[in-house]
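Hi,

Here is the structure I said I would pass on. Have it open while you read, and my notes come after it.

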Amino acid sequence: GLDLSARTDLTAAVMAAQDDSGVVHVHPFVFTPSEGLRERAQRDRAPYDQWVRDGFLVAVPGPTIDYDFVAEWLRNTLDDDGIDPAVVCFDRWRISIFQKACEDAGAFPYAEWSEVGQGYRDMSPRLEAFEAKMLAGELRHGLHPLLNMAAANAIATMDPSGNRKLDKHKATQRIDPLVAAVMAVYEVSEGSMTEDFTAEAMIG
């Protein structure tokens, strides 16, 4: 799951894979600009600087998120881990810029790019699938602190038909890692290519 967000906020890429027992394993990669890190930590009341030191958060050089850096960092890291994503699930906001960066960096050369709308219709089944895995004890996330932060801050809103989505405007702080995780978990557990890619890594 991929949530680019604004250039000065958090960008999240969450890997997900489902094992043979139906358990989904997720691993977030979260990025933030290195400049102004302490000020944003104070603003968001989150220890970003500590998370950078602990390796949970990647500090991108400069005052804004450089998509070229992110694309190259993901390519190198996933190559080192032997991970070849099958599907990239994304919100279309700024995606053309990031896709160009990935093309230039040679990132995700064989992945299918799958747009996911952020409205009630598309996000409601994804949120339900995420909650179902969580309640069944079939979601492994390693207590990643940025995913925990996002989950604690998230607010789900409902339309008159009972469909729900995560609402960034009503969230108390950043929820980008959770949005990316929800997209990724659905793709490996409920998506159209589940049978073909159950054991493959996916990014959403």
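Below is what I found, going from the whole chain down to single residues.

**The chain overall**

Keep in mind that this is a predicted model. The chain has eight helices and 10 strands. Its radius of gyration is 16 Å, close to the 17 Å that the globule rule gives for 204 residues, so the chain is as compact as a globular protein of that length. The C-alpha trace spans about 40 × 40 × 30 Å along its principal axes. Of the 204 residues, 50% are buried. If you take the contacts between residues at least 6 apart in sequence, 70% of them join residues at least 24 apart.

**Helix α7 and its two partners**

Two packed helices are described by the angle between their axes and the distance between the axes. With that in mind, have a look at α7 (residues 176–189).

One partner is α6 (residues 145–153), whose axis comes within 7 Å of the α7 axis and crosses it at roughly 95 degrees. That angle makes α6 roughly perpendicular to α7. On the α6 side the contact is made by L146, L147, A150 and A151, and on the α7 side by P177, L178 and A181. What kind of residues make up the contact of α6 with α7? They divide into seven nonpolar, no polar and no charged.

The other partner is α5 (residues 120–135), where the axes come within 8 Å and cross at roughly 80 degrees. An angle of 65 to 115 degrees counts as roughly perpendicular, and α5 and α7 are therefore roughly perpendicular to each other. From α5, the residues involved are M123, P125, R126, L127, A129, F130 and K133. They meet L178, A181, V182, M183, V185, Y186 and S189 of α7. This contact divides into 11 nonpolar residues, one polar and two charged. L178 and A181 of α7 turn up in the contact with α6 and also in the one with α5.

An α-helix has 3.6 residues a turn, so residues three or four places apart point the same way.

In α1 (residues 37–44), the buried residues are L37, R40, A41 and D44. They cover an arc of only 105 degrees around the axis, which puts them on the same side of α1. Note that R40 and D44 are among these buried residues. What does the buried side of α1 pack against? Its buried residues pack against β3 (24–33) and α2 (48–54). The face turned away from them carries the exposed residues R38, E39 and Q42. Just after α1 comes R45, with a positive phi of about 55 degrees.

In α4 (residues 95–105), I95, F98, A101, C102 and A105 are buried. Seen down the axis, they fall within an arc of 120 degrees, so they line one face of α4. They pack against β1 (2–3), α3 (67–81), β5 (87–90) and β6 (112–115). S96, E103 and D104 are exposed on the other side of α4.

R94 sits in the loop between β5 and α4. Its phi is near 65 degrees, a positive value in a residue other than glycine. Is R94 buried, exposed or partly exposed? With 29% relative accessibility, R94 counts as partly exposed.

After α4 comes G106, whose phi is also positive, near 75 degrees. F108 lies in the loop between α4 and β6. F108 is not a glycine either, yet its phi is positive, at about 55 degrees. Buried means under 20% relative accessible area, and F108 is buried with a value of 7%.

**One glycine to finish**

G22 is in the loop between β2 (11–18) and β3. It is buried, with a relative accessible area of 14%. Leaving aside residues up to four places away in sequence, G22 touches K133 and E138. K133 is also one of the α5 residues that meet α7. For a sense of distance, G22 and D122 are 100 residues apart in sequence and 23 Å apart in space, C-alpha to C-alpha.

Cheers

Technical notes: Residues are numbered from 1 along each chain as its sequence is written. This is a predicted model: local features need pLDDT of at least 70, side-chain atom pairs count only at pLDDT 80 or more; totals for chains, interfaces and linings use all residues. Side-chain values use heavy atoms; hydrogens and water are left out. Axes are lines fitted to C-alpha atoms, for helices over the stretch in contact, and angles run from 0 to 180 degrees between N-to-C directions. Helices (H or I, at least four residues) and strands (E, at least two) are DSSP runs, numbered from the N terminus. Angles under 35 degrees count as roughly parallel, over 145 as roughly antiparallel, 65 to 115 as roughly perpendicular and the rest as oblique. Contact means heavy atoms within 4.5 Å. Ala, Val, Leu, Ile, Met, Phe, Trp, Tyr, Cys and Pro count as nonpolar, Asp, Glu, Lys and Arg as charged, and the others, Gly among them, as polar. Buried means under 20% relative accessible area, exposed over 50%, partly exposed in between (1.4 Å probe, protein chains only). The arc is that of the directions from the helix axis to the C-beta atoms. The radius of gyration is taken over C-alpha atoms; the globule rule is 2.2 Å times the number of residues to the power 0.38.
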